[in-house]
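Q: Hi! I'm new to this one, could you walk me through it?
A: Happy to, let's have a look together.

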Amino acid sequence: MPEQLQHPEQSEQLQHPEQSEQLQHPEQPEQLQHPEQSEQLQHSEQSEQLQHPVDPRPLGGTGLLASPITLGTSSLGAGTSPGDPEEAAAVEIAQAMLHGPYALVDTSNNYAQGRSETVLGLALAKGGAAEGRSVVTKADQNPETGSFDRNRVRRSFEESCRRLGVDKLGLLHLHDPYSVTFEEAAAPGGAIAGMLELKEEGLVDAIGIAAGTVSLMRQYVATGAFDVLLTHNRFTLVDRSALPLIEDAAERGMGVFNAAPFGGGLLARGSASGATYAYTDSPPELLEWVGQVEGLCSRHGTDLPTAALHFSLRSPLVDSTIVGISSTKRIEQLERARQTEVPPSFWEELDALGTPPSNITD
Ligand SMILES: NC(=O)c1ccc[n+]([C@@H]2O[C@H](COP(=O)([O-])OP(=O)(O)OC[C@H]3O[C@@H](n4cnc5c(N)ncnc54)[C@H](OP(=O)(O)O)[C@@H]3O)[C@@H](O)[C@H]2O)c1
């Protein structure tokens, strides 16, 4: 059975016995993990790209290396059933993620009712992960009862390990602890105690707190218990409300993920699409403001998704930006956008637009 999925340095320890042969040492760059890929990649620089995740950097003090972009899987496997063709297609997307340019793939116990983890587990069993790539997941409340205490955290961890086919995790977040108060989570026998226990027992190497509400997140960060912060939708072109939280986490030496740079849709699809921001309807004033940013983008020779991605990428406080994708073509698009420069004058003019009218209140 596999034990652990995470550190690039630990790729030798990757657990699926059938994977271990496919995972090379850094001094063997010509060898490629995916048998199907080996014919396609003739040039050593191409194999180099596949061997090493792009631009690896430490994720706080976790010992993990992250790329500037982490791929998000909240919709992976949604609507699929075991053995159906849709599941096979989702497994292909997961394989592309695990062999793509970025070090980490973000999932959760509850994404697509567990199907996201299941599909990632199938992809790992089928083709492993390229060197330096690994899956990060999250502990969730009991979906039936809403309970989210120490015992539930442990059950959630066990479910995730079973689906992913691993015994240990490099990083596990406490996810959206909204069904309990902070005081309940912090009490003996609470969710935080469950997370700390898993770490003390060596079942997870690092623990994170992943949620939205900034005031609540500041309480969790202030405990000093967590190694990583994951915030979402609140440090983007149109909402900066997580900045003090991110600064606090960075000062403490925590790793910082900034998720949903497109607000889940609006900043990828544009103001005319009427897409939601942070999973709620976009009010007219927000759409109008985004329309102004689109004008700025075209005057500076860029486009809205590229600018939205770089808003997060350019922050020295953010270790990795988590982008949700539901097709393999997005990986190439993202990598192209990552390598595209947004002119400095764009950011100056963006500042001049003032505070954006976000629809998020906390
Ligand atoms: N509480 C938490 O822990 C939390 C909360 C929110 C998010 N997250 C994590 O962060 C991830 C990202 O959040 P999100 O998916 O809600 O929001 P997002 O990354 O802001 O937006 C995802 C949307 O952008 C589109 N997109 C991606 N790349 C694109 C590109 N290059 N050009 C144009 N459109 C592009 C995707 O389209 P397609 O679907 O068509 O590919 C998808 O509709 C999630 O999957 C999850 O892993 C965690």
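Q: Before we count anything, what counts as a helix or a strand here?
A: Helices and strands are DSSP runs, with at least four residues (H or I) for a helix and at least two (E) for a strand, numbered from the N terminus. Keep in mind that this is a predicted model.

Q: Okay, how many helices and strands does the chain have?
A: The secondary structure comes to 15 helices and 11 strands.

Q: And what share of the chain is buried?
A: Buried residues make up 50% of the 362 residues in the chain.

Q: Which residues touch the most other members of the largest nonpolar core?
A: Those are Ala94, Val228, Leu229 and Ala307, in a core of 94 residues. Helix 4 (residues 85-98) gives this core its largest share, 7 residues.

Q: Why might nonpolar side chains be found together like that?
A: In soluble globular proteins, nonpolar side chains tend to be buried together.

Q: Back to Val228. What is valine 228 in contact with, leaving aside neighbours within four places in sequence?
A: Its contacts include Leu59, Gly60, Thr62, Leu171 and His173. Also among them are Ala206, Gly208, Met254, Gly255 and Phe257.

Q: What about the chain in general, how many of the contacts between residues at least 6 apart in sequence join residues at least 24 apart?
A: That figure is 72%.

Q: Changing topic: which residues come nearest to the ligand?
A: Of the 30 residues around the ligand, Gly72, Ala259, Phe262, Ala268 and Gly324 come nearest.

Q: Which element supplies the largest share of that shell?
A: Helix 14 does, with 4 residues. Strand 9 (228-232), strand 11 (320-324) and helix 14 (329-339) each supply at least two residues of the shell.

Q: How do the shell residues divide into nonpolar, polar and charged?
A: There are 14 nonpolar, 13 polar and 3 charged residues in the shell around the ligand.

Q: Is asparagine 233 buried or exposed?
A: Asparagine 233 is buried, because 26 other C-beta atoms lie within 10 Å and the cut-off for buried is 20 or more.

Q: And tyrosine 279, where does that one lie?
A: Tyrosine 279 lies in the loop between helix 11 (266-269) and helix 12 (284-299). Phi of tyrosine 279 is near 70°, a positive value too.

Q: Buried or exposed, tyrosine 279?
A: Tyrosine 279 is exposed, because it has 12 other C-beta atoms within 10 Å and exposed means 12 or fewer.

Methods: Residues numbered from 1 in each chain as written. Predicted model: local features only at pLDDT ≥ 70, side-chain atom pairs only at ≥ 80, totals over all residues. Near = placed C-beta within 6 Å. Nonpolar A, V, L, I, M, F, W, Y, C, P; charged D, E, K, R; others polar. Contact = placed C-beta atoms within 7 Å. Core = buried A, V, L, I, M, F, W, Y, C linked by C-beta atoms within 7 Å.
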